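Thank you all for making the time this morning.

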Amino acid sequence: MSTRMLQYGLGAVFIGLGGWCVVAPASVLALCFRPAFQTTAPIAPILAGGFGSQALISGLFAMTARFTRATFGAYAVGLVPFLVFDGWFRFVTPALSDLGFAADLAGNLIMLTVCWLGWRGADPA
(Lines give C-alpha, C1' and ligand atoms only; values in the text may rest on other atoms or scores of the structure.)
Protein backbone atom coordinates (compact mmCIF):
# COMPACT_ATOMS: atom_id res chain seq x y z
CA MET A 1 0.00 0.00 0.00
CA SER A 2 1.38 3.42 -0.89
CA THR A 3 2.36 6.01 1.69
CA ARG A 4 -0.36 8.32 0.37
CA MET A 5 -3.05 5.65 0.79
CA LEU A 6 -1.87 5.00 4.35
CA GLN A 7 -2.10 8.72 5.05
CA TYR A 8 -5.67 8.72 3.75
CA GLY A 9 -6.43 5.86 6.14
CA LEU A 10 -4.92 7.79 9.03
CA GLY A 11 -6.85 10.92 8.09
CA ALA A 12 -10.11 9.00 7.66
CA VAL A 13 -10.11 7.98 11.33
CA PHE A 14 -9.61 11.59 12.43
CA ILE A 15 -12.23 12.89 10.02
CA GLY A 16 -14.75 10.16 10.84
CA LEU A 17 -14.64 10.45 14.61
CA GLY A 18 -13.93 14.19 14.61
CA GLY A 19 -16.74 14.82 12.15
CA TRP A 20 -19.14 12.98 14.45
CA CYS A 21 -18.10 15.30 17.30
CA VAL A 22 -18.69 18.38 15.13
CA VAL A 23 -21.96 17.32 13.52
CA ALA A 24 -23.61 15.63 16.51
CA PRO A 25 -21.74 16.48 19.73
CA ALA A 26 -24.75 15.71 21.93
CA SER A 27 -24.94 12.16 20.57
CA VAL A 28 -21.23 11.65 21.19
CA LEU A 29 -21.65 12.75 24.79
CA ALA A 30 -24.78 10.63 25.31
CA LEU A 31 -23.44 7.47 23.65
CA CYS A 32 -19.76 7.51 24.61
CA PHE A 33 -19.87 8.39 28.30
CA ARG A 34 -21.48 6.56 31.19
CA PRO A 35 -24.47 8.35 32.77
CA ALA A 36 -22.51 9.32 35.90
CA PHE A 37 -20.15 11.35 33.69
CA GLN A 38 -22.78 13.04 31.56
CA THR A 39 -23.82 16.62 32.10
CA THR A 40 -26.42 19.03 30.83
CA ALA A 41 -23.98 21.94 31.06
CA PRO A 42 -24.25 23.98 27.85
CA ILE A 43 -20.47 24.05 27.51
CA ALA A 44 -20.20 20.26 27.07
CA PRO A 45 -21.34 20.05 23.41
CA ILE A 46 -19.23 23.11 22.61
CA LEU A 47 -16.17 21.37 24.02
CA ALA A 48 -16.99 18.16 22.14
CA GLY A 49 -17.39 20.15 18.92
CA GLY A 50 -14.08 21.93 19.51
CA PHE A 51 -12.38 18.60 20.11
CA GLY A 52 -13.87 17.32 16.85
CA SER A 53 -12.70 20.41 14.97
CA GLN A 54 -9.14 19.73 16.10
CA ALA A 55 -9.47 16.13 14.91
CA LEU A 56 -10.69 17.38 11.51
CA ILE A 57 -7.61 19.58 11.20
CA SER A 58 -5.40 16.62 12.12
CA GLY A 59 -7.14 14.51 9.49
CA LEU A 60 -6.58 17.13 6.80
CA PHE A 61 -2.94 17.42 7.83
CA ALA A 62 -2.51 13.64 7.71
CA MET A 63 -4.04 13.48 4.23
CA THR A 64 -2.12 16.36 2.68
CA ALA A 65 1.35 16.45 4.26
CA ARG A 66 4.35 14.59 2.92
CA PHE A 67 5.01 11.78 5.38
CA THR A 68 8.38 10.14 5.86
CA ARG A 69 9.33 7.16 7.96
CA ALA A 70 10.04 9.53 10.85
CA THR A 71 6.59 11.12 10.54
CA PHE A 72 4.84 7.77 10.82
CA GLY A 73 7.08 6.88 13.77
CA ALA A 74 6.35 10.15 15.55
CA TYR A 75 2.61 9.71 15.00
CA ALA A 76 2.84 6.20 16.49
CA VAL A 77 4.64 7.51 19.58
CA GLY A 78 2.07 10.30 19.82
CA LEU A 79 -0.73 7.73 19.94
CA VAL A 80 0.56 6.11 23.13
CA PRO A 81 -1.06 8.70 25.46
CA PHE A 82 -4.37 8.12 23.69
CA LEU A 83 -4.13 4.39 24.40
CA VAL A 84 -3.37 5.21 28.04
CA PHE A 85 -6.43 7.50 28.04
CA ASP A 86 -8.61 4.67 26.74
CA GLY A 87 -7.41 2.27 29.41
CA TRP A 88 -7.56 4.81 32.23
CA PHE A 89 -11.07 6.04 31.49
CA ARG A 90 -12.37 2.54 30.98
CA PHE A 91 -10.73 0.61 33.83
CA VAL A 92 -9.41 3.06 36.45
CA THR A 93 -12.00 5.82 36.24
CA PRO A 94 -14.75 4.17 34.18
CA ALA A 95 -16.12 7.18 32.33
CA LEU A 96 -16.30 5.71 28.82
CA SER A 97 -19.28 3.61 27.81
CA ASP A 98 -18.80 0.36 25.90
CA LEU A 99 -19.30 2.25 22.63
CA GLY A 100 -17.04 5.13 23.66
CA PHE A 101 -14.24 2.78 24.65
CA ALA A 102 -14.62 0.55 21.59
CA ALA A 103 -14.82 3.43 19.09
CA ASP A 104 -11.84 5.30 20.50
CA LEU A 105 -9.72 2.19 21.00
CA ALA A 106 -10.55 0.92 17.50
CA GLY A 107 -9.65 4.28 15.95
CA ASN A 108 -6.38 4.43 17.87
CA LEU A 109 -5.44 0.84 16.99
CA ILE A 110 -6.24 1.44 13.32
CA MET A 111 -4.05 4.55 13.36
CA LEU A 112 -1.27 2.68 15.17
CA THR A 113 -1.40 -0.09 12.56
CA VAL A 114 -1.31 2.47 9.74
CA CYS A 115 1.68 4.16 11.37
CA TRP A 116 3.49 0.84 11.67
CA LEU A 117 2.82 0.03 8.00
CA GLY A 118 3.89 3.52 6.98
CA TRP A 119 7.05 3.36 9.09
CA ARG A 120 7.98 0.09 7.41
CA GLY A 121 7.29 1.29 3.88
CA ALA A 122 7.94 5.04 3.72
CA ASP A 123 11.09 6.74 2.55
CA PRO A 124 13.52 7.41 5.39
CA ALA A 125 14.06 11.09 4.58
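Let me begin with a term: a residue is called buried when its relative accessible area is under 20%, exposed when it is over 50%, and partly exposed in between, using a 1.4 Å probe and protein chains only. Please keep in mind that this is a predicted model, in which local features need pLDDT of at least 70 and side-chain atom pairs count only at pLDDT 80 or more, while totals for chains, interfaces and linings use all residues. Residues are numbered from 1 along each chain as its sequence is written, and side-chain values use heavy atoms, with hydrogens and water left out. Helices are DSSP runs of H or I with at least four residues, and strands are E runs of at least two, numbered from the N terminus.

I will start with helix 2, residues 25–32, where the buried residues are Pro-25, Val-28 and Cys-32. They lie on the same side of helix 2, because they cover an arc of only 60° around the axis, the arc being that of the directions from the helix axis to the C-beta atoms. Helix 1, helix 3 and helix 5 are among the elements that cover these buried residues of helix 2. Ser-27, also in helix 2, is partly exposed at a relative accessible area of 26%. Its side chain reaches the backbone oxygen of Ala-24 at 3.0 Å, and, leaving aside neighbours within four places in sequence, Ser-27 is in contact (heavy atoms within 4.5 Å) with Trp-20 and Cys-32.

Now to helix 4, residues 69–92, whose 24 residues should span 34 Å at 1.5 Å a residue, which agrees with the 34 Å between its end C-alpha atoms; the expected span is 1.5 Å times one less than the number of residues. In helix 4, Phe-72, Tyr-75, Ala-76, Leu-79, Asp-86 and Arg-90 are buried, and the buried residues of this helix pack against helix 1 (3–23), helix 3 (43–64) and helix 5.

Which residues does Asn-108 contact, once neighbours within four places in sequence are left aside? They are Leu-79, Phe-82, Leu-83 and Asp-86. Asn-108 lies in helix 5, residues 98–121, and counts as buried at 4% relative accessibility. Its side chain makes a polar contact with the side chain of Asp-86 at 2.9 Å, where a polar contact is a pair of N or O atoms within 3.5 Å; within protein, one must be able to donate a hydrogen and the other to accept it, and residues adjacent in sequence count only if both atoms are side-chain atoms.

A salt bridge here is a side-chain nitrogen of Lys or Arg within 4 Å of a carboxyl oxygen of Asp or Glu, and by this rule the count comes to one. The side chains of Arg-90 and Asp-98 form that salt bridge, at 2.4 Å from N to O; Arg-90 counts as buried at 16% relative accessibility, whereas Asp-98 counts as exposed at 54%.

Finally, the cysteines: a disulfide is a pair of cysteine sulfur atoms within 2.5 Å, and the count comes to zero. For Cys-21, the nearest cysteine sulfur is that of Cys-32, 7.5 Å away, and Cys-21 is buried at 8% relative accessible area. For Cys-115, the nearest is that of Cys-21, 20 Å away, and Cys-115 is buried at 0%.
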